Amino acid sequence: MSGDHWFEPKPVGYGARPANWKGWAALLVFIAVVAVLAIVCFAAGVPTGTDVAVFVAGTLVATVALVVVARVKTRGAWRWRSRSADR
């Protein structure tokens, strides 16, 4: 794996945040995918059960994809960090 990290560990809490333009681009793609899913599934009026299922499944797949990319492209490990431990 290359040394090109898109995300960095959050200073407080668990997870990562974008560290450069590639991380921000990945986050924006995720937001765009969820927005398109919402428009396609709910723009026609009253959503059916199928519309809701497609939206939930698509959002779940997009979320898992973002988390996997963030884990692989994070500089350092994901672990819980608290402010009290830094004092």
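Contact means heavy atoms within 4.5 Å, and by that criterion the buried residues of helix 2 pack against strand 1 and helix 1 (21-42). This is a predicted model, in which local features need pLDDT of at least 70 and side-chain atom pairs count only at pLDDT 80 or more, while totals for chains, interfaces and linings use all residues. Residues are numbered from 1 along each chain as its sequence is written, and side-chain values use heavy atoms, with hydrogens and water left out.

## Helix 1

Helices (H or I, at least four residues) and strands (E, at least two) are DSSP runs, numbered from the N terminus. The expected span of a helix is 1.5 Å times one less than its number of residues. At the start of helix 1, a side-chain oxygen of Asn 20 comes to within 2.9 Å of the backbone nitrogen of Lys 22.

Buried means under 20% relative accessible area, exposed over 50%, and partly exposed in between (1.4 Å probe, protein chains only). The buried residues in helix 1 are Gly 23, Ala 26, Phe 30, Val 34, Leu 37 and Cys 41. Viewed down the helix axis, the buried residues of helix 1 fall within an arc of 70°, so they line one face; the arc is that of the directions from the axis to the C-beta atoms. They pack against strand 1, strand 2 and helix 2. The face turned away from the buried side of helix 1 carries the exposed residues Trp 21, Leu 28, Val 29, Ile 39 and Val 40.

Helix 2 has 24 residues and reaches 35 Å from its first C-alpha to its last, close to the 34 Å expected. Gly 58, Thr 59, Ala 62, Leu 66 and Ala 70 are buried in helix 2.

A nonpolar core is a set of buried Ala, Val, Leu, Ile, Met, Phe, Trp, Tyr and Cys residues joined through side-chain atoms within 4.5 Å. The largest one has eight residues: Phe 7, Ala 26, Phe 30, Val 34, Ala 62, Leu 66, Ala 70 and Trp 78. Helix 1 and helix 2 are the elements that give two or more residues to this core. Leaving aside neighbours within four places in sequence, Phe 30 is in contact with Ala 62, Thr 63 and Leu 66.

## Aromatic pairs

The structure holds two aromatic pairs. Rings of Phe, Tyr and Trp (its six-membered ring) pair if their centres lie within 6.5 Å; planes under 30 degrees apart count as stacked, over 60 as edge-to-face and the rest as tilted. The pair of Tyr 14 and Trp 78 is edge-to-face, because the ring centres are 5.7 Å apart and the planes stand at 90°. Tyr 14 lies in the loop between strand 1 (7-9) and strand 2 (16-18) and Trp 78 in the segment after helix 2 (49-72), so the pair ties together parts that are 64 residues apart in sequence.

Tyr 14 is partly exposed, at a relative accessible area of 44%, whereas Trp 78 is buried at 17%.

Arg 81 is placed in the segment after helix 2 and is buried, with a relative accessible area of 16%. Not counting residues up to four places away in sequence, Arg 81 touches Pro 9, Lys 10, Pro 11, Val 12 and Gly 13.

Pro 18, in strand 2, counts as buried at 16% relative accessibility. Beyond its neighbours within four places in sequence, Pro 18 is in contact with Trp 6, Phe 7, Gly 23, Trp 24 and Leu 27.

Note on methods:
Polar contact = N/O pair within 3.5 Å; in protein donor to acceptor, adjacent residues only side chain to side chain.
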